[in-house]
Amino acid sequence: MDVTVTPLPGLGTQQEFTTDSGRRIGVITYRDGRMELIVSDSRDPDKICAATDLTGEETSTLANLLGAPQLVRQLSEQQREVTGVTTWQLPLPPGSPFDGRTLGETEMRTRTSVSIVAVIRDGSVLPSPRPDFVFAAGDLVVVVGTAEGLRAAGEIMENG
Amino acid sequence: MQHTAVTLIELGAVFFGLGVLGRLAWRIGMSPIPLYLLGGLAFGQGGLIPLGGIQPFTEIASEIGVVLLLLLLGLEYSAGELVTGLRRSWMAGLVDVVLNASPGAAVALLLGWGPIGAIALAGVTYISSSGIVAKVLGDLGRLGNRETPVVLSILVFEDLAMAIYLPILTALLAGVGFVGGLGAVGVSVLVITLVLLLALRYGRYVSALVDSPDPEVFLLRLLGAALLVAGLASQLQVSAAVGAFLLGIAISGSTAANATRTLAPLRDLFAAVFFVVFGLNTDPSEIPPVLPFALLLALLTTITKLATGWFAASSQGIRRMGRARAGAALVARGEFSIVIAGLAVGSGAVSGELAALSTTYVLLMAILGPVAARVVEPAAQWLVTLRPAAKR
């Protein structure tokens with residue numbers, strides 16, 4: 001990925017890249033450590049249409065949210081040699097019967113032979129959750145198993 | 001009443017009044033500089049209520065104001081940024097000088113102020129207000145725009161140009177003649193190169209010299225160093241302001257960031273006094289005769305700055321709307337135009353009308369600049385929609 005670094009004399013540094021759709025996405029890092037996320041206008045790529053200040057915590061949360069597919073890809077990469085096994089991330093939708101219940105209660109491994117390897121919540125990754133882990137609506141559940149098992153697991157997360 | 005009591009009351013009233021004006025200015029989205037100037041005009045010679053007792057204080061305070069303005073300007077840049085900025089923008093920088101200095105010079109010659117007056121007024125119309133431009137770009141959320149680095153590097157070029165221009169002007173105003181002027185140019189170019197080299201290599205030693213974890217000690221060392229360097233520079237005829245600017249460049253890294261934070265309120269205070277004093281020393285009755293020329297200059301130099309920005313942005317492959325935005329961003333003139341005019345008038349080598357013309361011009365441009373930056377997009381859009389309609 002081509003990241004362009006532009007110095008902003010007296011202010012800080014801007015780092016950005018251009019997406020396939022032709023928009024610039026970037027971050028301005030100010031001298032005092034403040035960070036700002038910028039997105040360019042779709043009609044005028046020279047212009048910024050959105051900009052927002054981010055605190056340190058917000059920056060890492062955003063990075064984690066965007067990094068979740070990365071985690072799934074990494075896991076898939078590791079299991080490439082094991083034929084028939086894939087990794088998915090399943091959302092736990094609001095209204096799911098497991099909202100507020102533990103991982104153990106899903107009996108996921110017994111019913112589908114699928115393993116829950118991580119949960120992504122509020123932008124942070126919780127690896128290897130134990131059976132007493134309590135789910136909440138909005139969790140992204142990272143699961144590993146056969147295609148068939150994963151489909152069944154998705155069904156369970158949604159409808160119990 | 002006691003003398004001290006009168007002075008304190010007057011000073012208090014002035015500061016408080018400036019506070020109210022400053023708040024009002026940012027509220028309506030403009031720079032407070034024109035209001036400070038107007039405040040000065042109102043209370044100066046021939047104004048509403050002449051202020052008497054505060055002169056000794058305001059005189060030295062306005063000197064300190066100029067030193068702090070330039071010191072903080074220098075603190076904003078690291079030597080590395082200046083060098084890269086210069087490399088990126090020298091073409092646009094030269095276009096900027098030629099287009100924007102010539103209207104000022106031409107009008108001064110037209111008014112019969114001689115070559116020195118022409119050089120002074122050229123400086124007044126040339127230099128954009130980096131303070132107003134940076135504030136406006138931030139307020140309008142344009143810092144991430146592609147034309148913004150172009151605008152910023154032009155400002156860097158202008159500030160460096162000031163470091164060469166001010167000593168020359170100081171020397172000419174002192175009446176040293178052509179050879180002496182060349183000498184001053186040589187000395188200032190040499191000093192600037194030396195300081196840039198020193199700052200690039202040994203900036204941390206200069207920083208270490210003034211740095212202290214204790215805020216009180218830090219402030220005293222910083223202010224002390226600034227005034228010392230400014231005084232010495234002025235003794236060497238390099239102009240106090242440039243000395244402070246160069247010291248600012250030499251201080252780098254976290255020390256510079258702390259220094260900016262510590263000194264910014266002081267700068268705002270003393271710079272406000274500087275603008276008021278400039279207004280105080282300008283006779284309002286001299287304004288009407290120069291008003292047509294101020295208006296002419298305002299119109300001309302708005303167009304030339306627009307052209308400068310357009311040229312600079314187009315050479316970086318920026319589209320039309322961005323070019324227009326870059327031009328409009330540069331229109332504002334302010335603090336440094338007044339610094340130049342202050343130097344010129346203070347020396348007594350140029351006509352007093354120069355102060356009146358500069359005040360009026362900066363009044364216009366400090367208001368027009370932010371407005372231009374704001375309306376350039378709707379105006380350009382309107383022009384674009386107008387064109388196909390005209391064809392039909």
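How much space lies in the largest pocket? About 1500 Å³. This is a predicted model, in which local features need pLDDT of at least 70, side-chain atom pairs count only at pLDDT 80 or more, and totals for chains, interfaces and linings use all residues. Residues are numbered from 1 along each chain as its sequence is written, chains are lettered from A and ligands numbered from 1 in the order in which they are written, and side-chain values use heavy atoms, with hydrogens and water left out.

**View 1. Lining of the largest pocket in chain B.** A pocket is an open set of points on a 1 Å grid over the protein atoms alone, where a 1.4 Å probe fits, with protein on both sides within 12 Å along at least five of seven lines; lining residues have an atom within 4 Å of a point. Of 48 lining residues, B:Glu76, B:Gly131, B:Ala134, B:Lys135 and B:Arg267 are the closest to the centre. Helix α11(B) gives the most, with 11 residues. Helices are DSSP runs (H or I, at least four residues), and strands are E runs of at least two. The lining divides into 28 nonpolar, eight polar and 12 charged residues.

**View 2. Salt bridge between A:Arg31 and B:Glu81.** A salt bridge is a side-chain nitrogen of Lys or Arg within 4 Å of a carboxyl oxygen of Asp or Glu. Here the closest N and O atoms are 2.9 Å apart. The pair crosses between chains, from the loop between β3 and β4 of chain A to helix α4 of chain B. A:Arg31 is partly exposed, at 45% relative accessible area. B:Glu81 is buried, at 12%. Buried means under 20%, exposed over 50%, and partly exposed in between (1.4 Å probe, protein chains only).

**View 3. Salt bridge between B:Glu377 and B:Arg325.** The N to O distance is 2.7 Å. B:Glu377 lies in helix α15 and B:Arg325 in helix α13, 52 residues apart. Both residues are buried. They belong to a network of salt bridges that also links A:Asp44, A:Lys47, B:Arg142 and B:Glu147.

**View 4. Salt bridge between A:Glu105 and A:Arg101.** The closest N and O atoms are 3.2 Å apart. A:Glu105 is partly exposed, at 37% relative accessible area. A:Arg101 is also partly exposed, at 33%.

How values were computed:
Points joined across faces, edges and corners; volume = space filled by probe spheres on them. Nonpolar A, V, L, I, M, F, W, Y, C, P; charged D, E, K, R; others polar.
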